[in-house]
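Please keep the sequence and the structure in view while reading.

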Amino acid sequence: MITKQADFQLKLKRINLAYFSEPDRIITVKKGDAIVRQGEINKRLYLILSGSVIANRHVVKEDPETASTSHKIYKAFTAGPGDYLGVQSFFSEWFRSSSDLIAETDLELAYIDDATPAIEPEKYGTLLEQFVPAIIHELSARNTRVFDRTAEKEEALRMLHRSEMAATLGQLSAGIAHELNNALGVLSRRTDFVLEFLEKLLQGCNPAQYTLYANGLEGESSLSSSEQRKLARQYERELGISQDAAKVLAQMQGEKIAKELKDSAFLKQLEGNIPYWELGHDLHDMKLAVRHATGIVRSVRLLGGGNSRREDGVNVADSIVEAVALVKSNLRGLHFDISLPESQTVPLIYADTTELVQIWVNLLQNASDALKIAGTPDPAIFVDCHVEKVTTNDQTSHTTKEIHVSVTDNGPGVPNELKEKIFRPNFTTKKKGLSFGLGLGLTIVRRIVDSYNGRIRLDSQPGKTTFTIIIPITTNHGKN
């Protein structure tokens with residue numbers, strides 16, 4: 001049984017054999033030569049046997065106010081073997097070309113003209129009736145070209161919008177960078193001085209005080225929030241210490257602390273010396289904040305088209321831990337949990353750690369602010385990071401990996417009408433003085449994610465909002 005598609009192809013084949021196989025109606029055209037010019041009379045219908053043709057359309061516009069004339073040339077389409085040229089003008093008997101037909105390569109063309117009689121009209125009908133499949137073929141090709149041009153136009157408009165947005169943000173970033181750099185320089189130098197002074201001062205003091213200070217200076221524990229809470233309850237119960245002291249011990253890490261936990265003298269001094277651990281911990285966060293703020297200034301400049309400082313071997317999970325340390329003050333009073341894979345199981349990528357931290361900080365701050373603004377009862381934020389395998393749908397069935405990082409909160413959700421607006425510059429929902437909102441956070445996030453050929457997925461409904469960042473892992477640690 002012959003399908004409609006096969007029957008259609010057979011009809012085209014018959015037309016081509018019947019009308020375009022005469023040797024005396026086959027011509028060659030050299031690359032760059034014109035087959036016909038726009039507006040010229042052309043009483044031929046061409047079939048391309050080999051090579052390709054480009055059609056250029058001339059548009060002349062007159063401006064009555066300035067009495068000037070503009071002349072522009074647009075690429076209308078390209079055509080190759082098996083395509084017909086001049087179908088519309090030939091069968092409408094207009095016989096006038098609507099564009100320049102230029103040989104893009106050396107060409108071989110077959111043609112009929114207005115004097116060509118119909119072959120076997122008693123069996124196949126008039127010339128027009130016989131060429132219906134060719135006309136349908138040409139209409140289908142034109143529709144495909146229109147769709148392709150529309151898609152290209154949409155993509156060009158999208159890129160233009162992004163470019164305009166980047167230019168605006170680039171101008172804004174220049175002023176921000178100038179004002180912040182000096183202040184950050186002072187903070188960095190003064191923090192270094194305080195660190196050096198305290199190091200010398202506390203080394204000569206009580207060993208327990210210095211141990212606590214030095215451990216706090218090391219930063220965050222590798223344990224999750226839920227694991228820390230469980231360990232704190234265990235310490236409080238087994239060691240007979242206060243809840244605050246147990247929380248500090250749960251956040252500590254390292255073999256040295258593990259050994260000193262067995263020392264009753266250390267535990268006796270722990271209650272009164274907890275501020276030394278908090279001092280070290282706060283100084284660690286200050287250094288981290290200064291470094292991150294310096295990176296943010298540099299990253300904001302990227303919105304104007306600068307170059308990032310990306311390098312091999314960046315661990316996305318580590319960047320999440322760093323971001324959580326920066327925003328932990330925003331997370332107080334919230335139930336916060338984080339699920340990270342084993343560090344060694346996360347593929348290392350080619351990236352800028354500051355850019356990644358900036359993504360997670362923005363998402364965490366936005367989630368925290370949304371919960372506080374809405375007054376959500378039992379507010380909670382959950383962060384998840386995992387690696388997924390992805391198989392392409394092409395013939396190669398190539399398998400690659402993606403890193404998925406999601407930030408979920410149980411707040412009021414993002415209304416449907418705002419789901420696209422929240423990524424635009426100068427759009428902010430932050431009110432009631434909770435934080436200073438320039439409306440650039442998610443714009444910056446999307447710009448950074450785009451630069452990694454990544455994707456942002458927003459799933460939101462009342463009671464659950466999840467922003468998921470998907471970063472593809474390509475060869476050579478994500479280099480494109």
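Helix 11 and helix 12 cross in a right-handed manner; a crossing is right-handed if the near helix is turned clockwise from the far one by less than a right angle, and left-handed if anticlockwise. The helices and strands named here are DSSP runs numbered from the N terminus (H or I of at least four residues for helices, E of at least two for strands). The model is a predicted one, in which local features need pLDDT of at least 70 and side-chain atom pairs count only at pLDDT 80 or more, while totals for chains, interfaces and linings use all residues. Residues are numbered from 1 along each chain as its sequence is written, and side-chain values use heavy atoms, with hydrogens and water left out.

Two packed helices are described by the angle between their axes and the distance between the axes. For helix 11 (residues 316–326) and helix 12 (residues 353–374), the angle is about 50° and the axes lie 8 Å apart. Axes here are lines fitted to C-alpha atoms, for helices over the stretch in contact, and angles run from 0 to 180 degrees between N-to-C directions. The two helices are therefore oblique to each other, given that angles under 35 degrees count as roughly parallel, over 145 as roughly antiparallel, 65 to 115 as roughly perpendicular and the rest as oblique.

Helix 11 contributes Val316, Ser319, Ile320, Glu322, Ala323, Val324 and Leu326 to the contact, and helix 12 contributes Thr353, Leu356, Val357, Trp360, Val361 and Leu364; contact means heavy atoms within 4.5 Å. By class, these residues comprise 10 nonpolar, 2 polar and 1 charged, where Ala, Val, Leu, Ile, Met, Phe, Trp, Tyr, Cys and Pro count as nonpolar, Asp, Glu, Lys and Arg as charged, and the others, Gly among them, as polar.

The largest nonpolar core has 43 residues, and those with the most contacts inside it are Ile320, Ile349, Leu356, Ile359, Trp360 and Ile381. Such a core is a set of buried Ala, Val, Leu, Ile, Met, Phe, Trp, Tyr and Cys residues joined through side-chain atoms within 4.5 Å; buried means under 20% relative accessible area, exposed over 50%, and partly exposed in between (1.4 Å probe, protein chains only). Helix 12 gives the most to this core, with 9 residues. Not counting residues up to four places away in sequence, isoleucine 320 touches Ile338, Leu340, Trp360, Val383, Cys385 and Val405.

Valine 387 is placed in strand 12 and, at 31% relative accessibility, counts as partly exposed. Its contacts beyond four places in sequence are Thr345, Pro347, Lys401, Glu402 and Ile403. Between valine 387 and proline 347 the separation is 40 residues in sequence and 8.2 Å in space, C-alpha to C-alpha.

Most residues other than glycine have a negative phi. Aspartate 378, in the loop between helix 12 and strand 12 (380–391), has a positive phi near 50°; at 68% relative accessibility, it counts as exposed. Phenylalanine 95 has a positive phi near 55° and is found in the loop between helix 2 (87–91) and strand 7 (100–103). At 14% relative accessibility, phenylalanine 95 counts as buried.

Helix 6 (residues 207–217) is largely enclosed by the rest of the structure, because 8 of its 11 residues are buried. Over the chain, with its 14 helices and 15 strands, buried residues make up 38% of the 480 residues.
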